[in-house]
Amino acid sequence: MSLPQQLREESDFDQLPGNIPISATVADIEEKKGFIDYFRFVVEVKTKGGSKYLIYRRYREFFNLHQSLENKYSPQDPDRPGPNTCVLPPLPGKIYIGNKKDIAESRIPELNTYMKRLLGLPTWLLLDDTLRMFFYQTEQDSQHEPRALRRLRPPTRKVKTVKAPKMDLFSSPRAEAMFDFRGNGKAELNLKRGEVIFLLRRVNADWLEGTVNNQTGIFPESFVKIIKPLPESDSESEGGGHTYSCLRCFLLTPSGVETRDVCVQEALTIQPTYNELLSRMRNVFKVDDIALNYRDPEGDLIRLLDDEDVQLMIREGRRLQDTVKRPVNQFPWELHVTMASDLSVYGSEP
């Protein structure tokens with residue numbers, strides 16, 4: 001690099017505003033649970049002015065950023081870039097099969113390299129609105145509390161082990177499992193008959209949160225016998241932590257109807273997309289070839305095909321909310337899952 005060119009680039013950098021991102025590192029990954037579970041990357045961003053903050057981005061947001069920058073700045077001939085073009089660093093490609101957590105973990109070093117090279121491109125590209133908005137800390141980013149940030153810990157960090165105080169087993173709210181229960185996803189506990197669960201809070205009228213075998217999660221109250229109940233003050237409105245909502249689902253098959261109450265970390269006012277519901281039901285019932293339906297006021301099954309059908313189902317459910325009494329924190333609408341190839345209705349109305 002010639003001396004005039006080096007001085008010009010240093011001068012350009014000096015003229016950049018202080019809030020321009022100059023480095024970014026993946027600090028951790030976090031799982032987001034809802035109608036569809038996914039992992040997002042916790043990214044620590046450093047600006048030219050010296051400030052540091054965290055942002056939370058999914059892989060698809062990295063992908064959309066890369067596509068936008070490619071459309072704007074990639075030269076038609078990479079060997080002959082023009083004055084307003086540059087060769088972007090490669091972004092790791094999409095992966096469609098495999099464990100979501102393992103995929104996210106494997107992408108961390110690749111995304112760190114990608115962001116390092118991206119923010120090392122010519123200074124004029126750092127002023128691009130799309131790039132600046134990607135690394136901008138939104139209000140939602142600033143309000144989110146990080147969990148671990150394990151990637152930012154020094155490798156020689158010593159962890160002090162503190163012995164937990166002995167729990168008074170006879171004074172703690174607790175219950176005994178009367179049946180085996182297999183939880184659906186990490187939010188729900190797996191219980192074995194005879195185990196004692198220490199109760200933490202009531203989620204709603206039908207579900208409790210507790211801990212057993214060093215695992216914490218939620219479980220249906222109908223599967224346990226309460227030995228010592230929670231204090232009256234530990235109500236769903238006063239309990240801490242996440243609040244859960246239940247979606248009642250029916251799998252209709254020639255052999256009968258299977259009913260499941262699926263707990264999600266979403267508010268009752270949420271309006272999921274068709275694809276989110278389809279993905280979640282495939283995971284819940286472990287069947288791929290399914291169709292989603294709902295019952296209209298006449299009791300007939302109406303098939304869902306897109307987001308507009310989902311909106312109609314939710315409107316119908318809310319309209320009938322006053323006439324059908326449901327448990328606390330249960331969605332006013334239900335899903336009826338059938339095989340995609342079946343056009344007939346199996347079984348009677350639940």
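Helices (H or I, at least four residues) and strands (E, at least two) are DSSP runs, numbered from the N terminus. By that count the chain has seven helices and 13 strands. The model is predicted, so local features need pLDDT of at least 70 and side-chain atom pairs count only at pLDDT 80 or more, while totals for chains, interfaces and linings use all residues. Residues are numbered from 1 along each chain as its sequence is written, and side-chain values use heavy atoms, with hydrogens and water left out.

**The chain as a whole**

- Of the 350 residues in the chain, 40% are buried; buried means under 20% relative accessible area, exposed over 50%, and partly exposed in between (1.4 Å probe, protein chains only).
- Among contacts with a separation of 6 or more, 60% join residues 24 or more positions apart; a contact means heavy atoms within 4.5 Å.

**Nonpolar cores**

- A nonpolar core is a set of buried Ala, Val, Leu, Ile, Met, Phe, Trp, Tyr and Cys residues joined through side-chain atoms within 4.5 Å.
- The largest nonpolar core has 32 residues, and those touching the most other members are Phe41, Val43, Phe62, Met115, Leu118, Leu131 and Phe135.
- At least two residues of this core come from each of strand E1 (21-32), strand E2 (38-47), strand E3 (52-57), helix H2 (59-73), helix H3 (100-118) and helix H4 (129-134).
- H3 gives the largest share of this core, six residues.
- Leaving out residues up to four places away in sequence, Met115 touches Ala24, Thr25, Val26, Val43, Phe62 and Phe135.
- Another core, of 24 residues, lies apart from this one and includes Leu251, Ile290, Ile314 and Leu335.

**The antiparallel sheet**

- Five strands form an open sheet in the order E7-E6-E5-E4-E8, with antiparallel pairing; two strands pair if DSSP finds at least two bridges between them.
- Strand E7 (215-220) and strand E8 (224-228) are at the edges with a single partner strand each, so one side of each has no neighbour in the sheet.
- On average, neighbouring strands of this sheet are turned by 40° against each other, direction ignored; axes are lines fitted to C-alpha atoms, for helices over the stretch in contact, and angles run from 0 to 180 degrees between N-to-C directions.
- Four bridges link strand E5 (residues 196-202) and strand E6 (residues 207-212) in the antiparallel sense.
- Opposite Arg201 stands Glu209 in E6.

**The mixed sheet and its helices**

- Another open sheet of five strands has the order E10-E9-E13-E11-E12, with mixed pairing.
- Strand E10 (256-264) and strand E12 (301-303) are its edge strands, and each pairs on one side only.
- Neighbouring strands of this sheet are turned by 35° against each other on average, direction ignored.
- E9 and E10 pair in the antiparallel sense over nine bridges, and a hairpin of two residues joins E9 to E10.
- Cys246 has Cys263 in E10 as its bridge partner.
- Strand E9 (residues 245-253) also pairs with strand E13 (residues 335-339), in the parallel sense over three bridges.
- Val337 in E13 stands opposite Leu251.
- H6 lies across E9, E10, strand E11 (290-295) and E13, and runs at about 115° to E10.
- Helix H7 (residues 307-319) packs on the sheet and touches E11, E12 and E13, with its direction at about 35° to that of E11.

- Arg280 lies in helix H6 (residues 274-285).
- Arg280 is buried but has no salt bridge, and the nearest side chain of opposite charge is Asp37, 4.1 Å away.
- A salt bridge is a side-chain nitrogen of Lys or Arg within 4 Å of a carboxyl oxygen of Asp or Glu; for charge, Lys and Arg count as positive and Asp and Glu as negative, and His and the chain ends are not counted.
- Not counting residues up to four places away in sequence, Arg280 touches Gly34, Phe35, Asp37, Asn184, Val262, Cys263 and Val264.
- Lys32 lies in strand E1 and is partly exposed, with a relative accessible area of 26%.
- Apart from neighbours within four places in sequence, Lys32 is in contact with Asp37, Tyr38, Arg40 and Glu266.
- Lys286, in the loop between H6 and E11, is exposed with a relative accessible area of 62%.
- Lys286 has a positive phi of about 55° although it is not a glycine.
- Most residues other than glycine have a negative phi.
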